[in-house]
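I opened this notebook to record what I looked up in the model. The entries follow in the order in which I made them.

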Amino acid sequence: MASIIKKSPEEQHRQKAFGWAARDASGVLSPFKFSRRATGDEDVAFKVLYCGICHSDLHNIKNEWGSSTYPLVPGHEIVGIVTEVGSKVQKFKVGDRVGVGCLVGACRSCDSCSQHLENYCPKMVLTYKSIDYDGNTTYGGYSDIMVVNEHYAIHFPENLPLDAGAPLLCAGITVYSPLKYYGLDKPGLHIGVVGLGGLGHVAVKFAKAFGVKVTVISTSPAKMSEAIQHLGADAFLVSRDPEQMRGAMGTMDGIIDTVSAFHPLMPLIGLLKSDGKLVMVGAPEKPLELAVFPLLAGRKTVAGSMIGGLKETQEMIDFAGKHNITADVEVIPMDYVNTAMERLVKADVRY
């Protein structure tokens, strides 16, 4: 009987690659040799210069969502310079600035894909820990090179710094997409942003660029000066202060909730005007309680949103370039990554 011989990650393809991978649920990252596919006719290959550390990377390396496979090379906020293009590539040339976000494949034929919403495709291929269409595991941007179909690559404007622009490929599109889709991008509207972390601080910047009045809602009074003086928010609410929350009831057209920890929704729903929208973009591990009556009394909506399709992601990056929107980042060397993950656990990061 014939036996099946599985190739090692280093032997699966011809193009040698180097990265940092977690080998088990301890989440410890260490140097890892593997391989990328040869640059196909519709592929773009690029040298990775920067890759954002997203909180979802931390969840995945520790298998906290139960879907991780090892070895796991994380990273889906990836930017660099194009080194090779396939013969049929139209959007890119060698030397272009390029980015790759959370997905590197989709079926391109379902209803979602036909509406440029590859992020909701049931056969979406994630940038790492997914099985690609060639049957091999995808590896992310904590690595030296990437190869991707040009459809999933994003052009970076010349004026947008690659390091501070990289997190926009996840955090940026995660807040830009719901602001646009739910109509919270109209000048003169008043929106709340819950949480002032990686997602929240970018949400404030995009909303202000749209001409929207922004109130940051946080449990931490210490973040008030940062929100208003540094990020340009118009107001600040301490969510644990009942008097402040009562004073703001019924004043907001929409709220972008970026918090991934368990938290009460009732006080936030109370801040909404009639027809107001509370949009969840954080992902708490435990179910949140949702009372129905406050929704009925005002025809209010609680909704969700997850990143965006490739067309909208390019639109977001172009908008960021036009309005000089970047993430506030700390740039670290690759061999500092395990310390960086420990700091992420302690929330010792801005942003």
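**Entry 1: the parallel sheet**

I began at Met280, whose bridge partner in E15 is Gly304. I note that the model is predicted, that local features need pLDDT of at least 70, that side-chain atom pairs count only at pLDDT 80 or more, and that totals for chains, interfaces and linings use all residues. Residues are numbered from 1 along each chain as its sequence is written, and side-chain values use heavy atoms, with hydrogens and water left out.

For the element names I rely on DSSP runs numbered from the N terminus: helices (H or I) have at least four residues and strands (E) at least two. Two strands count as paired if DSSP finds at least two bridges between them.

I then looked up how E14 (residues 272–280) is connected to E15 (residues 301–304). The two strands run parallel and are joined by four bridges; Val279 stands opposite Ala303 in E15. E14 is also joined to E13 (residues 252–257), again in parallel, by five bridges. Here Ile255 stands opposite Leu278 in E14. Between E13 and E14 the chain passes through helix H8 (residues 266–271), and this β-α-β crossover is right-handed (with the strands pointing away from the viewer, the path from the first strand over the helix to the second runs clockwise).

In what order do the six strands of the open sheet lie? I read E12-E11-E10-E13-E14-E15, with parallel pairing. E12 (235–238) and E15 are the edge strands, each pairing on one side only. On average, neighbouring strands are turned by 20° against each other, direction ignored; for angles, axes are lines fitted to C-alpha atoms, for helices over the stretch in contact, and angles run from 0 to 180 degrees between N-to-C directions.

**Entry 2: the antiparallel sheet**

I found an open sheet of five strands in the order E8-E3-E4-E5-E9, with antiparallel pairing. Its edge strands are E8 (145–149) and E9 (154–155). E4 pairs with E5 (residues 97–100) over four bridges in the antiparallel sense, and Ile81 stands opposite Arg97 in E5.

**Entry 3: backbone exceptions**

Most residues other than glycine have a negative phi, and most peptide bonds are trans. I therefore noted two sites under this rule. Asp275 has a phi near 65°, a positive value in a residue other than glycine, and lies in strand E14. The peptide bond from Tyr70 to Pro71 is cis, with omega near 0°; Pro71 is placed in the loop between helix H1 (55–61) and strand E4 (78–85).

**Entry 4: helix H4 and its partners**

At what angle do H4 and H5 pack? For H4 (residues 171–181) and H5 (residues 198–209) I noted about 50°, with the axes 9 Å apart. H4 and H5 are therefore oblique to each other (angles under 35 degrees count as roughly parallel, over 145 as roughly antiparallel, 65 to 115 as roughly perpendicular and the rest as oblique). The residues of their contact (heavy atoms within 4.5 Å) divide into nine nonpolar, three polar and no charged. I used these classes: Ala, Val, Leu, Ile, Met, Phe, Trp, Tyr, Cys and Pro are nonpolar, Asp, Glu, Lys and Arg are charged, and the others, Gly among them, are polar.

The axes of H4 and H10 (residues 310–323) come within 10 Å and cross at roughly 100°, so H4 and H10 are roughly perpendicular. Their contact divides into four nonpolar, three polar and three charged residues.
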